[in-house]
Amino acid sequence: MSAMTIDDIEGRTWRRACALDAVPEDEGLRLGTLPPVAVFVQDEEVFCLDDTCTHDTYSLAEGWVEDGAVECTLHLAKFDLRTGMPLRPPASVPVAVHPVKVVDGDVYVALPNAYLTKE
Amino acid sequence: MATPVSGLVDPDRGYVNPAIYADQAIYEQELELVFGRSWLFLAHGSQLPNRGDFVQTYMGEDPVLVVRQRDGSVKAFLNQCRHRGMRICRSDEGTSKTFTCTYHGWAYDLEGNLINVPLEDRAYRNEIDKSKWGALKVPRVAEYKGFYFGTWSEEAPEFEEYLGDMAYYFDAVVGRWDNGLEFVGGTSKWVIDCNWKFASEQFASDIYHAQSSHASALMALVDNPAYWAGISYQSQTPGRQFGGNGHGAGSFWSEALGGPDPTYGTGDYAAWVAANKDEVFRNVGEDRALRVAGHNTIFPNFSWLGSPATMRVWHPRGPGQIEVWAWTYVPKDAPEEVKADIRLGTQRTFSPAGSFETDDGENWTEIQQVLRGWKARHNTFNAQMGLGHEERDVHGQPGETNDAFSETAARGFYRRWADLMSGLSWSEIAELDAERQATATAVPQEVREV
């Protein structure tokens with residue numbers, strides 16, 4: 001199985017998230033985990049972040065993706081896709097970022113073991 | 001309490017009291033009873049190609065957002081935050097996923113539902129019911145051949161019934177091409193200090209002004225007396241004017257489908273229309289293609305011309321001012337050089353600096369200036385041209401028509417205006433219309449083929 005080529009990360013579990021081409025061009029793809037996470041693609045690079053804006057409860061997957069950042073459409077809070085750091089108020093708390101690999105056109109994400117997923 | 005307007009216009013005798021163009025109380029009543037109850041143009045589909053695309057426009061003086069939804073439909077809502085009334089979206093047009101008021105950050109989805117209030121837990125103790133505080137929705141939006149119209153009225157007839165016989169004249173322009181029309185991007189906006197009815201009524205009912213008002217523009221365009229007898233200025237060419245349901249359309253009859261006037265632009269458009277006339281004839285029929293285009297208004301304030309390819313809304317701004325919002329329309333399938341020619345021809349003629357446009361604006365602002373006078377506002381205007389010479393369903397053109405040089409559409413425009421301003425319900429208006437049609441004396445008249 002191709003996932004074997006991915007190194008294990010302690011405290012995290014690799015899971016197939018989606019097909020790479022299922023991620024929309026200008027927004028994210030929200031995954032049905034708890035807490036929810038979202039996959040973003042920017043300039044052929046793939047990212048996975050917690051989906052919920054740390055300013056208020058809203059899905060970052062619905063946001064605008066450009067210049068290496070995702071902007072929440074509600075109040076324009078902006079987060080660095082690489083680090084999860086807030087780039088613009090009203091957000092002041094980072095969102096968690098998660099390791100990502102693409103194997104054979106599929107996106108795999110390593111989520112903390114505490115995250116609930118549907119099997 | 002509605003101001004009585006019955007004494008101010010008398011469509012049956014062709015009298016208009018000019019107070020209707022200058023009085024603030026009448027204007028306020030128009031916002032409620034005319035603009036609040038009529039179908040108003042919102043947008044053309046080509047302005048909203050993708051989900052989340054929106055334009056901001058006005059229904060009367062009320063700002064509305066017109067938005068392409070995720071399911072492809074188009075919805076509209078009042079662009080006013082329910083918290084303190086700020087404009088929810090301050091852009092003229094764009095693409096969005098949500099709309100957030102810049103004042104306190106209340107956020108709405110593409111339908112205008114309130115989806116977020118900042119600090120909902122601390123500030124509102126989670127006691128606000130967001131479902132009750134969405135933006136005010138335009139309850140009815142109708143799509144007609146790519147054009148979107150909306151009304152606040154739950155009672156107004158369905159849009160096609162509201163159009164009535166005007167559909168025949170509207171289709172002549174918007175139904176010509178297999179793949180329809182599109183708007184050239186962007187809205188041209190300018191202000192004219194005049195009452196909105198001067199513009200709406202003229203586009204419904206008035207080719208009569210052209211030979212006088214536009215003489216100098218004609219000379220500026222082409223310095224050749226032979227050209228000055230051109231179709232729009234022809235007193236010798238047969239033509240008809242339609243009036244019905246407050247709408248109006250007038251056109252001279254052409255011998256051949258080549259219009260628009262090639263001197264407006266490079267001639268590429270006229271040549272392309274002539275080369276593709278079979279498509280036009282197949283879609284709207286040869287008679288209609290040759291006899292309908294001209295000047296047009298859908299009541300109350302959406303107008304277009306068939307030759308210079310302009311469409312516009314006359315947004316009212318008080319009794320003495322309008323904002324003109326205009327678009328150049330082009331056949332979607334036309335080649336780029338043809339679209340460029342259409343833009344050029346329309347810019348030269350009917351645009352903020354267009355030669356004919358500025359003639360019209362000069363007349364309307366001057367009339368409005370004169371109406372500052374007390375005597376002037378208590379005078380009586382004559383709208384009697386062709387009175388009593390209307391015919392119904394003649395020359396293959398549906399509805400009530402008259403000679404191209406008449407004011408049938410103007411009288412119809414003021415009749416519908418007065419119906420609405422009197423506070424009559426739409427069902428009462430429908431009954432009245434049926435009575436009027438039944439009692440109209442059918443006197444056969446010859447068409448004025450001079």
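Mentor: A search of the whole structure finds 26 salt bridges over all chains, a salt bridge being a side-chain nitrogen of Lys or Arg within 4 Å of a carboxyl oxygen of Asp or Glu. The model is predicted, so that local features need pLDDT of at least 70 and side-chain atom pairs count only at pLDDT 80 or more, while totals for chains, interfaces and linings use all residues. Residues are numbered from 1 along each chain as its sequence is written, chains are lettered from A and ligands numbered from 1 in the order in which they are written, and side-chain values use heavy atoms, with hydrogens and water left out.

One of the salt bridges joins Asp106(A) to Arg16(A), with the closest N and O atoms 3.1 Å apart. Because Asp106(A) belongs to strand 11 (residues 106–112) of chain A and Arg16(A) to strand 1 (residues 12–19) of chain A, this pair ties together parts that are 90 residues apart in sequence. Helices (H or I, at least four residues) and strands (E, at least two) are DSSP runs, numbered from the N terminus.

Salt bridges also occur between the chains: the rule finds three across the interface of chain B and chain A. Among them, Arg51(B) and Glu27(A) meet through their side chains at 3.5 Å, N to O. At this interface 14 residues of chain B are in contact (heavy atoms within 4.5 Å) with ten residues of chain A. The area buried between the two chains is about 900 Å², and carbon and sulfur atoms give 46% of it; buried area is the accessible area (1.4 Å probe) that two parts lose on being put together, summed over both. Of the area that chain B buries against chain A, 54% is supplied by Lys97(B), Thr98(B) and Asn116(B), more than by any other three residues.

Helix 14 (residues 408–421) of chain B packs on helix 15 (residues 426–439) of chain B at an angle of about 140 degrees, with the axes 10 Å apart. Axes are lines fitted to C-alpha atoms, for helices over the stretch in contact, and angles run from 0 to 180 degrees between N-to-C directions. Helix 14 of chain B and helix 15 of chain B are therefore oblique to each other; angles under 35 degrees count as roughly parallel, over 145 as roughly antiparallel, 65 to 115 as roughly perpendicular and the rest as oblique. From helix 14 of chain B, Arg415(B), Arg416(B), Asp419(B) and Leu420(B) meet Trp426(B), Ile429(B), Leu432(B), Asp433(B) and Arg436(B) of helix 15 of chain B. By class, this contact of helix 14 of chain B with helix 15 of chain B has four nonpolar, no polar and five charged residues, where Ala, Val, Leu, Ile, Met, Phe, Trp, Tyr, Cys and Pro count as nonpolar, Asp, Glu, Lys and Arg as charged, and the others, Gly among them, as polar.

Helix 5 (residues 196–205) of chain B and helix 12 (residues 355–370) of chain B pack at about 135 degrees, their axes being 10 Å apart. That angle makes helix 5 of chain B oblique to helix 12 of chain B. Here Phe198(B), Ala199(B), Gln202(B) and Phe203(B) of helix 5 of chain B meet Asp360(B), Trp364(B), Ile367(B) and Gln368(B) of helix 12 of chain B. The residues of this contact of helix 5 with helix 12 of chain B comprise five nonpolar, two polar and one charged.

Some backbone details complete the picture. A cis peptide bond joins Pro89(A) and Pro90(A), with omega about 10 degrees, and Pro90(A) lies in the loop between strand 8 (86–88) and strand 9 (97–98) of chain A. In chain B, Phe299(B) and Pro300(B) are joined by a cis peptide bond with omega about 0 degrees; Pro300(B) sits in the loop between strand 17 (295–298) and strand 18 (302–305) of chain B. Arg125(B), although not a glycine, has a positive phi of about 50 degrees.
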